[in-house]
Amino acid sequence: MARQSLLDRIALLGRSGLNIVQAMGRSLIFLWHVLIGRGGAGAGMHLLIKQLYSVGVLSLAIIIVSGLFIGMVLALQGYSILVDFGSEQAVGQMVALTLLRELGPVVTALLFAGRAGSALTAEIGNMKSTEQLSSLEMIGVDPLKYIIAPRLWAGFISMPLLAAIFSVVGIWGGAMVAVDWLGVYEGSYWGNMTNSVDFYDDVLNGVIKSVVFAFVVTWVAVFQGYDCEPTSEGISRATTRTVVYASLAVLGLDFILTALMFGDF
Amino acid sequence: MSVDDAFAVALKGVTFQRGSRKIFDNVSISFPRGKVTGVMGPSGCGKTTLLRLMAAQLKPEKGEVWVNGQNLPTLSRSDLFDMRKQFGVLFQSGALFTDLNVFENVAFPLRVHTELPDEMIRDIVLMKLQAVGLRGAIDLMPDELSGGMKRRVALARAIALDPEILLYDEPFVGQDPIAKGVLVRLIRLLNDALGITSVVVSHDLAETASISDYLYVVGDGQVLGQGSPDELMNSDNPRIRQFMQGIPDGPVPFHFDAPDYRDDLLGGR
């Protein structure tokens with residue numbers, strides 16, 4: 001009996017492994033059809049603009065508010081540590097580097113996965129369960145081009161911009177706390193920052209990170225919606241998977257990218 | 001090899017399975033051009049699967065699906081989308097686009113597949129909506145329509161491009177008697193007026209039999225019987241008779257497979 005149970009467990013493990021490989025294969029074929037399939041880019045421009053609004057513009061509020069508070073907290077924590085060493089003038093440099101290199105791209109991606117990613121999955125899953133995707137196919141319109149592609153591109157375009165806004169607002173929030181509240185000299189805050197932040201090493205690497213995260217988060221979100229089981233429970237599970245997979249992918253990729261960009265090897 | 005001109009759609013030796021369960025096993029069905037053909041059978045027998053095979057939304061493991069001289073399983077993804085312009089499909093749920101109003105739903109196929117000016121699109125949409133009796137609902141959103149109205153709008157959208165073949169997936173499910181009557185009338189009327197080929201997949205016996213020129217009864221992965229509605233009503237085949245007369249127990253058992261009832265009751269003690 002115990003042996004049977006062990007065999008069952010091994011079989012279950014193998015089946016789970018196969019399912020994961022199958023899902024990865026499906027997601028790659030899906031991505032191939034979305035990016036390479038037929039359909040003119042011009043025809044989809046109005047769809048892209050509509051999605052840029054719902055994916056990007058409607059995410060602005062949460063990004064701005066989060067960026068502001070995270071910048072303020074960073075300045076507060078940075079000041080309380082640096083003041084012990086008499087280096088509180090470096091707080092601007094610390095806030096800017098932390099936001100541009102790490103927190104801007106990573107926190108934006110996590111917030112984006114929670115707000116826009118889950119909404120994308122739920123919307124596409126609902127279209128699938130109400131046969132709207134099938135209906136498009138039968139009208140002779142490829143849903144991958146008409147529904148998925150504009151959403152994928154909208155996420156890909158808007159997230160790096162949101163990450164930039166997040167960092168800018170965060171730096172401004174940091175200045176409010178450090179300069180206006182804690183009394184750090186304004187010239188030191190901005191001067192140390194401009195002297196130490198390098199465009200290629202810090203700003204560009206941050207942008208590269210946010211572009212990679214944008215692609216991965218939006219891909220996960222649209223694929224989970226398209227591939228979900230077309231029931232209420234299936235949509236709910238797919239939405240959860242989007243947030244979990246996208247968040248884990250962002251954190252894992254962040255380590256790899258940081259090691260490649262800033263690792264000393 | 002091409003399909004006989006008398007048939008708009010023909011499935012030849014089609015086998016399709018989900019997991020280990022065979023939905024169709026070497027099935028051949030042909031749909032005569034210009035006629036209304038009904039496909040009937042108990043729930044879960046694969047009627048909707050049959051429609052999806054005909055529209056190439058599913059690919060058979062074996063066999064050929066011929067539509068107007070093209071064998072669908074051999075077509076590329078791009079050719080399939082072109083071929084589907086010959087089809088109109090009325091889905092069970094209507095499948096209207098929820099972010100578009102009635103007018104835009106019906107106009108959608110015209111906007112994506114034609115270069116017609118807006119005035120002409122408007123006229124065509126009005127004509128299609130007039131045909132289904134919903135010209136007055138032109139500005140309503142899908143969530144403002146009743147179930148029957150949704151299906152009629154979906155029907156107007158399905159005929160927007162004047163398709164050659166119209167597929168109906170359970171058109172009468174969940175409809176009140178008036179809405180059923182309206183749909184029965186519309187299916188027959190559109191078929192005769194437009195000269196199209198209609199395939200009605202349904203388990204609503206009376207309605208489907210009343211409009212069909214020819215009927216298939218499917219079950220257990222096979223075609224159990226075919227013929228005119230009268231021929232099937234008088235069939236000697238016990239399975240067909242059970243279905244056509246709505247007998248609760250017979251070759252299709254009332255009880256799902258289960259252990260012996262007495263043993264099951266006593267086994268718990």
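How many residues does helix α6 of chain A have, and how far does it reach from its first C-alpha to its last? Select residues 143–181 of chain A: this helix has 39 residues and reaches 53 Å, close to the 57 Å expected at 1.5 Å a residue. The expected span is 1.5 Å times one less than the number of residues. Helices here are DSSP runs (H or I, at least four residues), strands are runs of E of at least two, and both are numbered from the N terminus.

Before the next stop, some ground rules. Residues are numbered from 1 along each chain as its sequence is written, while chains are lettered from A and ligands numbered from 1 in the order in which they are written. This is a predicted model, with local features needing pLDDT of at least 70 and side-chain atom pairs counting only at pLDDT 80 or more, while totals for chains, interfaces and linings use all residues.

**Along the helix**

Stay on α6(A) and pick A:Ala149, where a kink of about 35 degrees lies shortly before the proline A:Pro150. That bend is the angle between axes fitted to the seven residues ending at a residue and the seven starting there. Now go to A:Gly183, which follows α6(A) and has a positive phi, near 85 degrees.

**All of chain A**

Zoom out to chain A. Its secondary structure comes to nine helices and zero strands. The C-alpha trace spans about 65 × 60 × 35 Å along its principal axes.

**Into the core**

Next, select A:Val217, A:Val222, B:Val65, B:Ala156, B:Leu167 and B:Ile187. These have the most contacts inside the largest nonpolar core, which has 133 residues. Helix α4 of chain A (residues 91–129) gives the largest share of this core, 17 residues. Such a core is a set of buried Ala, Val, Leu, Ile, Met, Phe, Trp, Tyr and Cys residues joined through C-beta atoms within 7 Å. In soluble globular proteins, nonpolar side chains tend to be buried together.

**Where the chains meet**

Show both chains together: 12 residues of chain A are in contact with 17 residues of chain B. Chain A's side of this has three nonpolar, five polar and four charged residues. The model scores ipTM 0.77 and pTM 0.81.

Start with B:Asn68, in the loop between β4 (62–67) and β5 (70–71). Its phi is near 45 degrees, a positive value in a residue other than glycine. Most residues other than glycine have a negative phi. B:Asn68 is partly exposed, because 16 other C-beta atoms lie within 10 Å.

Jump to B:Asp162, between α5 (147–158) and β7 (165–169). Phi of B:Asp162 is positive too, near 50 degrees. Why does B:Asp162 count as exposed? Because it has 12 C-beta neighbours inside 10 Å.

Finish at B:Asn234, in the loop between α8 (229–233) and α9 (238–245). B:Asn234 has 11 C-beta neighbours inside 10 Å, so it counts as exposed. Draw a line from its C-alpha to that of B:Phe7, 227 residues apart along the chain: the separation is 26 Å.

Definitions and conventions
Two residues are in contact if their C-beta atoms, placed from the backbone, lie within 7 Å. Ala, Val, Leu, Ile, Met, Phe, Trp, Tyr, Cys and Pro count as nonpolar, Asp, Glu, Lys and Arg as charged, and the others, Gly among them, as polar. A residue is buried if 20 or more other C-beta atoms lie within 10 Å of its own, exposed if 12 or fewer, and partly exposed in between; C-beta atoms are placed from the backbone.
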